[in-house]
Amino acid sequence: MAKRDADMSLLGGEGKVKVAETLLQGLNTAQTRCVTHEGKALVVLAGPGTGKTRVITQRIAWLVREKGVEPQQIVAATFTVKAARELRERLGKLLSPVAAERVRASTLHGLGASLVRRFGAELGLPSRLVMIDPAQRRRLVKQAIESLDLFPNLRSEGLGAIAGRIEAICSAMADRGVLPKRAIAFAAEQRENGAKAFLGEQNDRPLEVAMQELAHFEQMTRAYDFVSRESWKRGWMSFHDLLLLPVMLLREHAAVRALVQSEIKALVIDEFQDCNAGQIELAKLLCPPQATGSSIFVVGDDDQAVYAFRGADQFAFERFAQVWSSHEVITLGTNYRSGNAIIETGNAIISRAHHRFKPDKTMQPRENAGLSSVELVSMDDEKGDAPLIAAMIAMDRKQRLALGEKVKWSEYAVIARTHTHLDHVAGTLSLEGIPWERRRELGVLDDAGVEDVLAWVQWCLSPDVTWCVRRILTRAPYGLDAQTVMRWELAYRDVRKRAELGAEGVEHPGEYAAWLRGQLQEQTQEQQSVPALTAMRVLALHEAMRQELLALPGDEALEAIMLRTGVAHAELLPQRQRAARVSALVTLLGLARSRRVNFEPPGDLRSFWKYFQELQEVDPGFRSVGRLGDVEQATERDDEQTDASDVGDDAPGKVQLLTAHSSKGLEFDTVFVCRVNPPNGFPSKQRDGSESQLPPGLLDEVAMLDEVSTHQDEERRLFYVACTRAKRRLIVMAKHKGKRSSAAMHFFDELTLDAPVGLPVTRVHAKDVLEQARRGGVVVASRDDLTDASEQAGDASDVYEAMRREARLQAAAACEQAETVGASEPGALAQAQRTLLTTATQLAMIAGVEKGVDEASLRAMASGEGDETAQDALLATLTRALQARNRQVRADGANAGGMRALVPPLRLSFSSIDAYERCPRCWYLKYVVGLSEGESDPQQLGNAAHAALEKFYQAWALADAEGTTKPALHDLLRLGKSALLRELAMANLQERDGILGEQLGQLSAQLTTCYRMLHDESAMVLETERVVVFPYVVDGAQHSFTAKIDRVDQLSSGGFRVIDYKAGRAWNKLLEPKRDDLQLGVYAMAVAHGFGSETGDGTGEAQEGRTLAGGQAEYWCLAVGQRGVLPFEAMRLDKVRDRIDKAVRGMLAGEFTRASDCNGPCRLLG
């Protein structure tokens, strides 16, 4: 603070004015009012394209630069991790990189996680917290049902069905910030007052029914309490817990509440309309209405509140006004994104809502806004939108290119209500050669390669199951004809059925694999058929693997299947699809590794399969898998490292296909909004999440509408979001015949038949649009220069699709010719027959190229068909397809597994750099793809030792400061035992009993040795588990570096001592660290930043010299009680930087080669 004041005082009054002018430059009047606001709580209503991100950034910079608020006293809550990272990057340009990193920017879940980790002891939590997976939670819920004898009258439905209902109600309560004890107390109150909340608004429901519903709710609350307590005891956190526990902490611990509130001078919340009641309750506890010296600043748009199905409170602003009754509202009304026609259409759409926080809010265009258009296209058939979209994109692109514009495919977007509506659009765009991309959250099971692996798993575990054999044989790389494989399977089933029915002379065939092997051996001896030989190879591989796999731990068996079958490379996929394949496989393997402690004994492949099926029951799409792991990792996980594909002005991109929900926050030049007609398009009649209704009175409700109106407004806001993504051109499409619909709400009617006077829209019919496109030379199902461009770009799948389309068109023309001439013109008929034969061969050749058939076989196919003209056509087809395949192979060879160069900024750490140096390919799998590492016994021992020493020295520092008795050896040993037991609580204790005593003895010995040989009674402990984030610049690009330091001491000389605990073997490199030791060098840089100036960038030698003088870094080797010491002044930080820079350059260049001696998961990629 003093340093910043000194710097600012050097500017003088004129300098301060210039700083203020810089921060406010380019802002309009409303934006300036927001940035400079003082006093009351502030609501910023920021409509689409009104610059809310800039307002938030400038606001925080204003608080730091003009109002003297410390960066770490500002909490900025964003909706996503990515948004928090981008906020820090923007702030780094306005403040300094160091100051920007000190702003507490995170999601509200991330903020909650930091409070839970920091005050875990007050909450009675173990030191290590992990995210609970759905299977674990479902087990706990079932345990609650049985142990508490809940819902005995519903048992016939099955425990799974009952558990699902309980989870829905528990989630609804958690979203609203209702703690278990509050739910139980509410139920008790209702028992006392005769179930008043369940009698209905008019008290007109039968008392007997109300009492039954109360009894049902009581059982729900008991289950909620049981599951919460059992989860928290084990350190199993859900995302709900990361909000509930901080709320409980701040409500029940006055000292903690006072401390946390004193540390926050400004609370900024972005996308406030997407907050739920629980998040708003947390905000109230962090920055209460009566607080002085702190401010709350929320930004959002209630007109874009579309996440009620995820638990968001669509009346969030009304709730805010209720809590912070003394507040001000500023509306940002100037839209810098869209032209006037689009803005007026948006205003017309949203103005009809039943309820809005500020009903008079409208958007206005900026000065000199460009031209824009809104076209309302009516169709006779709703499925006609796909070819219409393709034609309009092609026509628009052709016209703009003719004008000399640079047109990207990614400037076009198709937005629909659901993913199903996008399927037929995607198919048509593919046929027209238009590249497209779906923005869709996919689960691990959406990948065909994962399904192949699971088929192998089930075949090994259940030899009698036939479907998995069928899948494996018909999938790449084998690709046997499905009819042939089905014929084998049906023959086996027939024999087995007759044997089971006792048919005379028919023996049971036994396992399918053995029976099929016998059948094929006879067949191969007689016919030597290719399918039979291929199947025999697969059967041999199964037999060789089966016994081996059954003896391995589950995760190792899964990895062995991936390696032995080569599933990552079985298909010749385009680079992007191959990257997705590798990511899915790694996710599956990571799931098995990270959750193996949850497998039932003995933890083998069968145990994995049982756990997998339990997880699939609760989470069919496995979309939760990416959100597992340690709490810190889960709340910070995002697309941290971005690949370099489709980045930059020259990247052509692809047409974006999105749902309205996934389009939020995006913008495009041209937007098609399709199927704007009920009941399945815009608006949808289907309501989300209706089964989680809670009794009135449990929470202070602020609902303004009845249920029907609330749902209609949600659908209207969703349509508004879709339309306001457009910048220049908006096309709204609907099946409509010009007559008024009988639907309660019809958006197309509103914009046509009931449009406000003067609304600048154009109404056209699909037939007229297609005719106009035809006159302009654009015909659906024609091939243009796009195919050539995509072929040169090396996207093989697009080339194959274009070639198939051309062959099918030729075949269709030949059929038309044959039907036209009939038998009257034998020559023409013969020509049609030759064309059909040629196109059929072309399609077979394209399929062969795609499946990886060797070139010699394909050329033999081409040379053996038809006359010279036909052969020339076939060879041309083959050459074109092979060129595409070869380009794809070269591209994939350069980056195995679809690994591509990353783009800055990177998130760096010592562990990351060290892992890259050991094996770049394994680094990619871990840090980019997200492959987790299983935890071994030594790692659990190390975790326990670190946790014990952290708590011990925290208590030591507190006692030293207060002058009370300091903890002793017996306290350290007690902490160690407790930490180890908590570590093992996540494993199966029955399985671990045999080694628990050994581990506890080893840990006690290490802690005793540490205390007696390394502990210093005069140590001045400053901090434990300090996390320092600092900027790191390589070749002009700034990245962020995170260092996690076990302990920082103040030496008597005034310098700092950094200590890193090592619980493993005491290697020489630890006892005698070299001057360029990477880890200690990183710690030295972290100390220079973490304990240095707040205003500089911290990268200068002078800064490091001031901070590092007289200090040192130490490794404490707990096993032998020795330390390795390296003075800061003796370090070769230049060499440390060289190592880091080399690794960073390799990441940015896409250098992810496999280390020659590595035996890790990189083997999956070959």
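Visitor: How many aromatic pairs does a search of the whole structure find?

Guide: The search finds 29 aromatic pairs. Two rings of Phe, Tyr or Trp (its six-membered ring) make a pair when their centres lie within 6.5 Å; planes under 30 degrees apart are stacked, over 60 edge-to-face, and the rest tilted. Before we go on, this is a predicted model, where local features need pLDDT of at least 70 and side-chain atom pairs count only at pLDDT 80 or more, while totals for chains, interfaces and linings use all residues. Residues are numbered from 1 along each chain as its sequence is written, and side-chain values use heavy atoms, with hydrogens and water left out.

Visitor: Why is the pair of Tyr 492 and Tyr 512 called tilted?

Guide: Their ring centres are 4.8 Å apart and their planes meet at 50°, so the pair counts as tilted. Tyr 492 belongs to helix α21 (residues 482–500) and Tyr 512 to helix α22 (residues 512–527), so this pair ties together parts that are 20 residues apart in sequence. Helices here are DSSP runs of H or I with at least four residues, strands are runs of E with at least two, and both are numbered from the N terminus.

Visitor: Are Tyr 492 and Tyr 512 buried or exposed?

Guide: Tyr 492 is buried, at 0% relative accessible area, and Tyr 512 is buried too, at 1%. Tyr 492 also forms a tilted aromatic pair with Trp 515, with 5.5 Å between the centres and 55° between the planes. That pair links distant parts of the chain, since Tyr 492 is in helix α21 and Trp 515 is in helix α22, 23 residues apart. Trp 515 is buried as well. As for the word, buried means under 20% relative accessible area, exposed means over 50%, and partly exposed is in between (1.4 Å probe, protein chains only).

Visitor: Which residues form one aromatic cluster?

Guide: Look for Phe 272, Phe 317, Phe 320, Trp 324 and Phe 357. Phe 357 also has the charged end of Lys 358 over its ring, 5.7 Å from the centre. A charge sits over a ring if NZ of Lys or CZ of Arg is within 6 Å of the ring centre and within 35 degrees of the ring normal. Elsewhere, Arg 1065 lies over the face of Trp 1067, 4.2 Å from the ring centre.

Visitor: How many salt bridges does the structure hold?

Guide: There are 72 salt bridges. Each one is a side-chain nitrogen of Lys or Arg within 4 Å of a carboxyl oxygen of Asp or Glu. Glu 617 is partly exposed at 43% relative accessibility, whereas Arg 138 is buried at 9%.

Visitor: How many residues apart are Glu 230 and Arg 234 in helix α11?

Guide: They are four residues apart in helix α11 (residues 207–234), about one turn of the helix. In general, an α-helix has 3.6 residues a turn, so residues three or four places apart point the same way. Here the side chains of Glu 230 and Arg 234 form a salt bridge of 2.7 Å, N to O. Glu 230 counts as buried, at 12% relative accessibility.

Visitor: Why is helix α16 described as largely enclosed?

Guide: Nine of the eleven residues of α16 (residues 340–350) are buried, so the rest of the structure largely encloses this helix. Ile 342, Asn 347 and Ile 350 are among the buried ones. The buried residues of α16 pack against several elements, including β11 (373–379), α29 (707–723) and β18 (726–735). Contact means heavy atoms within 4.5 Å.

Visitor: What is the mean pLDDT of the protein?

Guide: The mean pLDDT is 86, and 87% of the residues reach 70 or more. This value is the predictor's confidence in each residue, from 0 to 100.

Visitor: How many helices and strands are in the protein?

Guide: You can find 45 helices and 26 strands. Of the 1166 residues, 53% are buried.
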